Amino acid sequence: MSLVQKGRWITLVALVCLAAVYVRALAFTPVERLQGPAQKIFYLHVPAALWTEAAMVLVGLAGIFYLFLKDPRLDRFAEASAEVGTVFATIVLTTGPIWGKPIWGTWWTWDARLTSTLFLFFLYVGYLLVRGAVRDPGLRARYAAVLGICGLCLVPFIHLSVFLFRTLHPQPIILKPSAPSLPNSMLATWLFSLVAFTLLYVGFVTQRYALSLARAAQQDRSSDAGHA
Amino acid sequence: MGELLAQAWTVARKDLVLEFRTRTAIVSAVVFTALVLTVFNFGRDPTAVPTIDLAPTILWVTFTFAAMLALNRAFQLELENQALEGLLVSPLSRTSLYWGKLIANLVFVAVVEGVGLPLFVLFFDVPVGRVLLPLIGVIALATLGFVAVGTLFSALVIRTRFAELLLVVILLPFLLPPLIGAVQVTARLLGGRPLSESVGYLKLLAAYDIVFVSLATFLFRFTVDE
Amino acid sequence: MPDVPQNAGYMMAAYIVTAVILIGYAVSLYRRTSKP
């Protein structure tokens, strides 16, 4: 089975898992009393947010290893992880406001998760733009690695800034769009969702990596033809 | 170490000499700063919002623009003079090359801020007297953070398409933590709050500087070497 | 005891948007990896 096919299968399984999570969350998980049905957005929002950040960390780590090992596979993985991370960031940044509006009364809230994800989104966009702006694969990989590593190191500072801002500016809220203390059935739904998103990440990255590989192979062939 | 600094200073001096010989860049940056401050004045209603509430934001947005200008001009300088190639074949270490550029950029921004701060105080009647020293300290800390990362990224974008635009876009997320720290500390200083209230943010700024100056120093070689 | 808020519309919107994004991306990947 080729890499693309493996990727597609994993993605299919992931989507089926996600469908199961949808059914479970919407029909078989209790409604939270204070927030109402909108609270269920949490089951999608939080796993997506976790993977948005994890994907960035992996981009950074791949960058570190690339600078030392110079293995193009690491660069391809970083590229894939960045693109998938951006997709997940989009989910967080759309479900966040949709959750915020009924709960907080406003579309945007500078809460910790949304703010961090916004930063990450900016990082991802910058990273992908740099990749798009450099022709030479070796140079591109190196520049991307540098930026990825800087991004990785920025992540703790993002959390620190948000933390400091929030602890020194306590928000007078009663309802927080985050986890209430979770009873078991809610926790189970959340965990299933996390599994689904993990599988989605793996499936998507596998396919995107395969795409990168195919493009690189094609470039090699055409440049050889040029020299022929 | 002494060798390193000496080499860095050589690099810095070359840039600064070019800079101040023509004076165009520095004058433009200063005028721009004055313009931004002026615009801020006309953008607010002083009867509705007390100046002191907006002051930190005004100061820092202005300084951020100044830093961006400095970084862009540094990049232009490279392109025009193709100085980078010349420096790379010289026996200068990559570290001193980075530090040299960092110092040159810092001096440039410091000059702009040196003019900007008094203008800010003048235009907005801000009571900085008692807190001048801590304020300068915060400005120095935050500026070092911006410029450290910015200098690294300037080298990175130099061989890309739409370089100036790209520089701004990739730099933005890295400006946010020092900016947040700077604005918060400035607000507390101007509000007469004791320094102890700003400790968390000051630690943020210091940690950011230590991490990113080290990181940029280390990573710089990968942006310039083949 | 206050009533549970009636905001199921938001829940549905978020679930739909997420599905659209994920399925959309899956399709995009499928098509991009299908070209010879």
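Visitor: How many of the 26 residues of helix 6 of chain B are buried?
Guide: Helices are DSSP runs of H or I with at least four residues, and strands are runs of E with at least two, numbered from the N terminus. A residue is buried if 20 or more other C-beta atoms, placed from the backbone, lie within 10 Å of its own; 12 or fewer makes it exposed, and in between it is partly exposed. Helix 6 of chain B is mostly covered, and its buried residues number 19.

Visitor: What kind of model is this, and how are its parts labelled?
Guide: Residues are numbered from 1 along each chain as its sequence is written, while chains are lettered from A and ligands numbered from 1 in the order in which they are written. Local features need pLDDT of at least 70, side-chain atom pairs count only at pLDDT 80 or more, and totals for chains, interfaces and linings use all residues, for this model is predicted.

Visitor: How far does helix 6 of chain B reach from its first C-alpha to its last?
Guide: This helix covers residues 132–157. The expected span is 1.5 Å times one less than the number of residues. That gives an expected 38 Å, and the helix comes close to it, at 36 Å.

Visitor: Which helix of chain B has the lowest confidence?
Guide: pLDDT is the predictor's confidence in each residue, from 0 to 100. Chain B has a mean of 87, and 94% of its residues reach 70 or more. Helix 8 (residues 199–224) of chain B has the highest mean, 94, while the lowest, 66, belongs to helix 4 (residues 83–89) of chain B.

Visitor: How many helices does chain B have?
Guide: Chain B has 0 strands. From the N terminus on, its elements run α-α-α-α-α-α-α-α. So, with helices taken as DSSP runs, the number of helices is 8.

Visitor: What is the radius of gyration of chain B?
Guide: The radius is taken over C-alpha atoms, and the globule rule is 2.2 Å times the number of residues to the power 0.38. With 226 residues, a compact globule would come near 17 Å. Chain B agrees with that, at 18 Å.

Visitor: Which helix of chain A gives the most to the side that touches chain C?
Guide: Here 31 residues of chain A are in contact with 20 residues of chain C. Helix 1 (3–27), helix 3 (72–104) and helix 6 (184–227) of chain A each give two or more. With 9 residues, the one that gives the most is helix 3.

Visitor: Which helix of chain A gives the most to the side that touches chain B?
Guide: At this meeting, 25 residues of chain A are in contact with 25 residues of chain B. Helix 4 (112–133) and helix 5 (137–168) of chain A each supply at least two residues. The one that gives the most, with 15 residues, is helix 5.

Visitor: Why does L44(A) count as buried?
Guide: L44(A) lies in helix 2 (residues 42–69) of chain A. Beyond residues up to four places away in sequence, L44(A) touches I91(A), T95(A), S193(A), A14(C), Y15(C) and T18(C). L44(A) counts as buried because, inside 10 Å, its C-beta neighbours number 28.

Methods
Contact = placed C-beta atoms within 7 Å.
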